[in-house]
Structure formats: structure tokens, C-alpha cells
Protein chains: 2
Amino acid sequence: MYNGAILIGASESRSADTFTAINPATGESGDVAFSNAGPADVAKATTLAAEAFQTFSTLSLEARATFIETVAANILAIKDDLVATAMAETALPKPRLEGETGRTVGQLRMFATEVRQGLWLDATIDPALPDRAPLPRADLRRVNVGLGPVAVFGASNFPLAFSVAGGDTAAAFAAGCPVVVKGHPAHPGTGELVARAIQQAVASCGLPEGVFSYLPGTTNELGGALVADPRIKAVGFTGSRGGGLALVKIASQRDEPIPVYAEMSSINPVVLLPGALAARAEALGPAFVGSLTMGAGQFCTNPGLVIAIDGPDLETFVASAAKALTAAQPAVMLTPGIHTSFERGVEELASHEAVTTVARGCVGEGVNQAVGALFTTEAAKFEADVALSHEVFGSSSILVRCKDIAEIKAVIANLEGQLTATIQSEASDNDAAAELLPALQAKVGRILFNGWPTGVEVTHAMVHGGPFPSTSDGRSTSVGTLAMARFLRPVCFQDTPDALLPAPLQAANPWGITRRVNGALEQAK
Amino acid sequence: MYNGAILIGASESRSADTFTAINPATGESGDVAFSNAGPADVAKATTLAAEAFQTFSTLSLEARATFIETVAANILAIKDDLVATAMAETALPKPRLEGETGRTVGQLRMFATEVRQGLWLDATIDPALPDRAPLPRADLRRVNVGLGPVAVFGASNFPLAFSVAGGDTAAAFAAGCPVVVKGHPAHPGTGELVARAIQQAVASCGLPEGVFSYLPGTTNELGGALVADPRIKAVGFTGSRGGGLALVKIASQRDEPIPVYAEMSSINPVVLLPGALAARAEALGPAFVGSLTMGAGQFCTNPGLVIAIDGPDLETFVASAAKALTAAQPAVMLTPGIHTSFERGVEELASHEAVTTVARGCVGEGVNQAVGALFTTEAAKFEADVALSHEVFGSSSILVRCKDIAEIKAVIANLEGQLTATIQSEASDNDAAAELLPALQAKVGRILFNGWPTGVEVTHAMVHGGPFPSTSDGRSTSVGTLAMARFLRPVCFQDTPDALLPAPLQAANPWGITRRVNGALEQAK
């Protein structure tokens, strides 16, 4: 199944410097020696990627879509091995990993469909105006092209959907960009299995081998070398704020700075409006705790902040949430390091003089287990210490009690950028919601009503992104078809002979795509 | 007409610290004392801008378009004063400034039309799937929203079209973003006239005063304070590489880093292919010199690099270009500083041991005059010293002689990012052009055939941008309707009550715009 190799293009190699996987449920190391890729591997992989770019980025839509679907099929074919390996490496439960496999396959297929539809090309044609006075206008045609080879850093918390063949890789492939993945050391077997599935798809589709390479490794140096490599033209990353900012810095100091799309940290405020509390405070408690503790709270959209107006209805919610949390079972976290950080973050909140502990979850027997935590404080105290708004990755949340809507608005206005904001409301809350919406919109990429932020649909309309520091680039999304846009740039062709134009811009429209001509959309049949 | 004031919102103020305009044709200072805006002015302007953002960004398409058209009308109404003032401040000739006024008005009107059409909203709706198994899908709706207040730095070389009401300001207004302009000190009277035209449009359209402010000034500190201000959310800049990179650095060091769209430097390679030289080497000479010396060469798209295969046809071109350049009249440059830099750059090339001077233009009597310069070198020597590929802003160009197409390709591959690349070719050159196109495409934002890079049309398909260092963000354009995209970001609304949705996403589609629903475009009637 997997042997710990470095996969560069069509070949595999090994390094004397190795590491092992750790089963977080037991703390034990696995048997396989995984190679730590080094600078020479980076150079080989990016050289191959740069060589593959021209061919891969000019494939027909059908050929590119077929390749992406082949990746999906190859992953589906090894689903059982993949889920078993990921379970041992991440301690995530089987149904979750089966679902995540489905999501990974589903998003690859969605990108294939999106590639075929061709709207992402944004093909735009302003025909020549030879008779215009005082000067004729040239023929101008614009199309989106891939940026070039993309470096992808997988996330620890989604070993499949945000990892080797996850959203970033799928979006980059869809945009015509070869991908070099820095494999996450927390799930190296899972990563290698997926990498081999991609490697086989590249081969069976007859593509240049450099379309994909996989560099496992534990060191920051490996990731830094990849981002600094001049052949890499963009970076996708999901992880910690420190990690993301380090990559942003490396990218900005290159001779040619490149975009880094880092999804970093978010506490995802949930506002409980008075009408909602009056109507269903009791029911909101366990629903909130369900979102908070799902997957040990290891989601970037985990609800780490609840904001509401003080009063009896809020007390009902607090009591209900406390009851649910007290009964919540502990869950093994992804890595010992993540568990240690979680424990430290919870301890800092628990011992903070401005904070009261509302409830903790059940304590278990095993290692690396997250015990859920709900804290509370007042708006003035929350605003007095920015540390209270820092993400504690895992099932920890803080309830901020406010006097009125104005105080809620002030709390929101002082927040950093977030991936999501949630409003629990009834129709009677619409005025209050309308008052808060502009402040929320300024801070987030997605606003949701009467749901919970965990669970991110992969669709055309999804935005999984948001203002800094939730991401390093708030103009983008890492989930949904719009994620392709991160790896594209526009190029204009002026008075170019038809035979030399890219297919999407040729007069005959050989790919049959929707184009904007003289300002008007001309839809594909 | 103008009095040297700082214009913040609806008010005007003055500073004790002043500067004067300099007539570059005479070197003389003007009479008006222009105020140097300071940090307190920045804070006032950005505070008003932040206050205006919510109202301005949620205007109806019609109201926003009308405002932009009012700005255009107000500029047209003062055209004669504007042209006279700009002539004195820039030494640019009257027809050029009349044309630039027309372009400025024209691009404002184009953005108004673009705003009304609403495609820029990218309204995307994935309706709920309540019956989906295993879990229902939420209703998801996405729309583009403005980033927030934008800081615009006008360019010295386009006192109208790339300045106070130029492309960046028009694009930001179109995107719903208030604008704070740092006025360029080389044309302060021109800038103030335009600023007053915008100020009046804000008032007559009943918009919040903070939609626009104008901060004249000579200091880097003023610009730095503006970019560092936390209320500013994006920056548009056209100018030098040093200036652009300084703003990028300030923006990246903020608590909340923001995008800087800096258009910086480009030498715009022109490739003369063998067929074109064989067919029309003689005619290409004066055509090239016309583009080189137009506006004293003070265009970001000035052809500063010519690449061709050595041989008798190239000698014909060189002789023809030399003859045309020798007869070319000198032209006053925009500022004494720009003239000094040009002279220094030309002198460095002329005295470079690897470079031969082909021809110089006529020398005139007055001050600050650019005397055109054409140099030549061989490919190997050009590649051996990166200094030879640095931009000399003004009418200076270097011809690089190559042995064959492969050497041309190598020269291109080693270039930094550029705004444009030009190919002079005949049908017989198509194979050679096809071989060069991928290398050129990787380096530039616009590729043009059988024309000259100067002269940038304002259309839907235009890209005036390119990989670093031609701009700081190669994913964008500063000319054409796509320029709006620089100041937008997507926001997703999930299960949001219809009444609380932004108009473009409401069920009834009250603005009647084109939307993408379930993946399919539903076009506006």
C-alpha cells in the first residue's frame, strides 16, 4: 500500500532521514519509515512541475476534466485502505473518514464539471473597431490562464478533503497548475496512498509526470524551500496562524513575490438573538455543543465564540449547553502537539481572572483526549484582553454576555477577521439582525442563519475564506468552485492571428464555451 | 479654480506647510501655495471614508452609476481649465491632454455601464436541497462586496486618466469603495480641480461626504500614513518600483495586511520576427520610434526592449530607426526629477562597455528635455548584466541582437515580469511566434501583434497588469472593467431570510441582474 517513499513525478525515492507516524489514540509509533524530503527533492519536483506546466495548462477542457475524474476514481478504488490508514493516523472515526473520502471525491468531480463548463476562463472579446474615429480600436481578447506550479500544504484536521488531493490540489489542477504537495507528517501513510492515486492518474492519462509530486516531511525547512523555489507561483496552506504567516513572509521576500492562500485561524462568532433565545434557548444548548465538540472541535469553523444579551433566556441556554457539554464524551485529538496546545489554551482561559468556567466535558482514560470546555465573560472584559479572542483549536468556546444589541455590535466591530459568523434568530429579530449584518459582513466570508458553522458545503456559492487573519487573502475561498480563481490570472491578446490564439478565444469558439463579446454574454448551448 | 486646499469630505482646509507647482518647461514655480496634508488629515479622511462605506457600498446599481456619471460630467464641464492647468504643470501637449480628459470621462462612463449591468457582482445561488441524503443542503448565496475604503496614488505621467479621477478611483467607486486620494505633487492644480469635481458630485448625488477625500502633499510620510491607516482596506498605485515596493512593505506590516495594487516598471519587449523584418524593416523603424518617443517616452508601456535575429534585414530596421530617431524632436519631461533619472539611465547605458549607441534624438534649447536614445547589444551580453534590463523611464530603448529563435526565447525566459510583449510578424512567422508565445505569456499581461504597446484601450478585455515587478499583483489589471475586481471580495449567505439578503441575492432578483443558479447562468433580460 505505502512504503514511506518520496514521489517525484513518475518516480519514487527514499531518504536516509526518516520519521514515523504516531497513532494519537495510543501514542505509539508506526512501523513504516517515512522519508523526509530535502532541498534536492524540492528542486527536482518543481523543475518537473515547471516543465509540465505548458502542456498541462493548455490541455483541452475535456482532457483536464477527465484527469481530475481519474484522480477521483483512483481514490474511490482504495477507499477501504484509505479509511483504515487514516483512522490509525488521525483517530478520526470511521464514518467521518468515509464521509470525508466522499467529499474529496465529490469535490474533484465538481471541479471536473466546472472545468468543462468553462465559465472560469472568463473569455472576453472586444472585437476591433476599424472605423472608429479618431483612431481604430484593436481586437482585444482576454482569458484566464494558470499561474504556474502550485505548492500545497495539507491540513492535519482533514487528512483527505484538505490534504494531498484536497480542495487546494483540486482547484489548482482545475486551473491548469501542476501541484507539489508538502505531505503532512501527522498522516503520512494516508498522504502517500492518495499521492500514489494521483501519480497513477497522471500516468494513465498520459500527462507529463511533473503534473504532480509528493514530498513528505516533518521540517519547516522543507516547506520553506518549497515556497522559496522560483518555479513555484502560488501556495495553498491550511493550518496555524504561525505557520501560515511564516510562509507568507518567505513568499514576500522572494525575488518574485507570490500569492500565499493561507487559511489560518478563526473563532467563528455565533450571535444568539433575543427572539431565538426566547423561542428555543433550551434546544440551542445541545445543538451548540454538538457543533462545538464535533470532531473534537478540530474544525476551522468551530464555534469558539458565542455572543448574546444577558437575561433569563440566556441562562436557560447556558444551563442547557452546560448539561449537554458535561455529558459530552472526550475525543482523541489529531496529534499530541495539537492536544498539548488545546490543553494549554483551555488552561489559560480557565485561570483567566475575567473568565468563568461554565462546564467541561467528560474526562476519559486514554491519551491525547480533548475534554470540551465552555467559558463565559462579559463584553467589557472580553474587549479588554485580546487574548480572549485568540483561537483555541479544539472544543473550547467562550460566551460573551452583552447588555444590548449595541454592545454586541461593538464586540463584533472589535473582532479580527473570521471565516464565518452565525446568527440564531426568529422573525422578530430581523431588525436586530439587520443592524448587525454590516458589522458581521465586514469581518467574515460566510454568514449563516439558524445553523452551525461546522460543515462546509462544496458548491458554487460557498465562501470558505475571510478577512485577515482568518486567511491571508480575504479576496478568495478555499472551498467551492470559486477556489480555482486563486490560481488564475488574466492575459489579453491584441490583434493576434486566430491560429495563434488560445482555443477559448478563437473565432470559431472550438470549445463551445460561454464568452462575453462586446460586453454581452453569449452563452454556450 | 483652485487654491491649494486639502479637501476632506465636504470641507476644505489648509496647512501652514505648503509647496508649489513647477512648470517643467520653464523650471519656474507657480503662485499657488498648495497645502501639505498631514497625519491628522489622513485620520479625518479615512474616518469619514469608513463611515461612508456602508451607505456607499449598498447603493442601488443605478444610484452608484449615476454618481460615477456625475463625476464624468463635472470633469467634462471644466475641461478647458483642466487642460490649461495640466499643460502648465506637466508640459504635456494640448491634444494629448484633451485626449486624456476624454479617456478619463470615457472610462468613468464605462464603469457606470458596467455597474448597471451587474455581472461584477457574480451573484451565485445554490438553492437548498432539503431532501438530500444523508444530510439536507443549506441555501447558499454568494455576492461580491467592496473591500472598504481605498487609497489611490495618482501617477505623474497621466495627470487625469491615472490620477485623482483615473482608473483606480473609477474602479474603486464602481466596486462601492470610498476613495482617499494622495494627490501627486507634480500636478497639484490639476489634481485639485478634479478633486473638486468629485466633491461636487458626492454632494449633488446626496452621498455621505466621506465617499471621497483629497490629500495633496509632497512627502513619503503622507503616503505611508495613508497606507498604514487601519481604515484603509486596499491601495492603488502607479509609479516607480521603489515607491510601489515601499507601499507594499507598509501594507504587509499592518496588523491587518491589505492588498496593494502597484503598477511599477516594465520595459515591454518587442520581438521583430524574420518575416516581418523581411517584409517591412524600413517601415518598422519610424513606427517604432513613434511609439518610443511618444509623450517623451513617459508611458509604462513604452517599448524599452527590442529583440530580433541579427542579419541584413535587421540592419535595415536599425538604419531606418536611427534615421527617424535622429530627426525626433526633444520633449519636455514631466518633472525635473524624472528628467534627471532619464539622463542618468541613458548615460549608464551609453557608457556601458557591452552597449553601443545606435542613435540619439535632436537636442533642444529648453530645460528638462528628453533626447531619445536607442542602444544595441548582443543577447549574451544583455543576459550577463541584469542592469541592462532595468527600466529607463522615458524615450530610451535597447535592441538585443540574437542568433536565432532559441536565443530570443532564452532572452524572454530570463526577463522579469512585464506589462506587455509585442510581436511583429507575418504569416510566415507563425511557427516562430507559436514557439515564443508560451514564454511571453508567462511574463506579461498583454501580448500584441503588429502594433506598438503604447496606447492602452479601456475595454472589457484589456489587461494592464502583469507578473512582478511590472505590478505587485499579477492577478489583476488597472485598466478596463476587470479593474473593479481588485476592490471586491466574495461573501456567502447561508439560509438567510430573504428580507435580510443583499438585493442581488433576493429571490425576486429586484435588480434584474444575471445570476448563476445551480451552476447555470440565468441571464438578465
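## Where chain B meets chain A

In this predicted model, 67 residues of chain B are in contact (heavy atoms within 4.5 Å) with 67 residues of chain A. Putting the two chains together buries about 5500 Å², with 57% of that from carbon and sulfur atoms; buried area is the accessible area (1.4 Å probe) that two parts lose on being put together, summed over both.

- B:Arg516 and A:Glu114 form a salt bridge through their side chains, at 2.8 Å from N to O.

**Who sits on chain B's side**
- Elements giving two or more residues to the side of chain B that touches chain A include helix H4 (94-117), helix H14 (430-441) and strand S23 (488-494) of chain B; helices (H or I, at least four residues) and strands (E, at least two) are DSSP runs, numbered from the N terminus.
- S23(B) gives the largest share of that side, 7 residues.

**Strands across the chains**
- Strand S23 (residues 488-494) of chain A pairs with S22(B) in the parallel sense over 3 bridges, where pairing takes at least two DSSP bridges between two strands.
- A:Phe493 has B:Ile447, in S22(B), as its bridge partner.

**Reading the numbers**
- Residues are numbered from 1 along each chain as its sequence is written, and chains are lettered from A in the order in which they are written.
- Local features need pLDDT of at least 70, side-chain atom pairs count only at pLDDT 80 or more, and totals for chains, interfaces and linings use all residues, while side-chain values use heavy atoms, with hydrogens and water left out.

Key. A salt bridge is a side-chain nitrogen of Lys or Arg within 4 Å of a carboxyl oxygen of Asp or Glu.
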